[in-house]
Amino acid sequence: MWKYTYKMNLDASEPTGWQGKIKQLDKQEVKVEKLEFKDNGKTITDTDIFNEGRDIDGSVTTFHPFSTEFFGETDQ
């Protein structure tokens, strides 16, 4: 089971894009190769790069159970 949240970044001082978090709620071991978020069948952002630990921006990724924060830029 998974919990996810995402929203459009509306801060004019930041790049336009989607930011979000996804967290695995159970203890089943999984291998995540790519995350793709869609709205009405259209991909709004995706990511396939996961590095365990704390990133320079403060976001944290863990592999078991899987949890990550992400930002995906858009051309809007």
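**Core, salt bridges and pocket**

Student: What does Phe 50 touch, not counting residues up to four places away in sequence?

Tutor: Val 32, Glu 33, Lys 34, Leu 35, Phe 63, Phe 66 and Thr 68. Contact here means heavy atoms within 4.5 Å.

Student: What kind of model is this?

Tutor: A predicted one: local features need pLDDT of at least 70, side-chain atom pairs count only at pLDDT 80 or more, and totals for chains, interfaces and linings use all residues. Residues are numbered from 1 along each chain as its sequence is written, and side-chain values use heavy atoms, with hydrogens and water left out.

Student: Which residues make up the largest nonpolar core?

Tutor: Eight residues: Trp 18, Ile 22, Leu 35, Phe 37, Ile 44, Phe 50, Phe 66 and Phe 70. Strands E2 (17-24), E3 (35-39) and E7 (66-73) each give two or more of them. A nonpolar core is a set of buried Ala, Val, Leu, Ile, Met, Phe, Trp, Tyr and Cys residues joined through side-chain atoms within 4.5 Å. Buried is under 20% relative accessible area, exposed over 50%, partly exposed in between (1.4 Å probe, protein chains only). Strands are DSSP runs of at least two residues, numbered from the N terminus.

Student: New topic. How many salt bridges are there?

Tutor: Three in the whole structure. The cut-off is a side-chain nitrogen of Lys or Arg within 4 Å of a carboxyl oxygen of Asp or Glu. Lys 34 pairs with Glu 36 at 4.0 Å, N to O. Glu 36 also pairs with Lys 38, at 3.7 Å.

Student: And which residue meets Asp 46?

Tutor: Lys 34, at 3.6 Å, N to O. Asp 46 lies in strand E4 (residues 42-47) and Lys 34 in the loop between E2 and E3, so the pair ties together parts twelve residues apart in sequence. Lys 34, Glu 36, Lys 38 and Asp 46 are linked in a network.

Student: Is Lys 34 buried, partly exposed or exposed?

Tutor: Lys 34 is partly exposed, at 46% relative accessibility. Asp 46 is partly exposed too, at 39%.

Student: Which strand gives the largest share of the lining?

Tutor: E7, with four residues.
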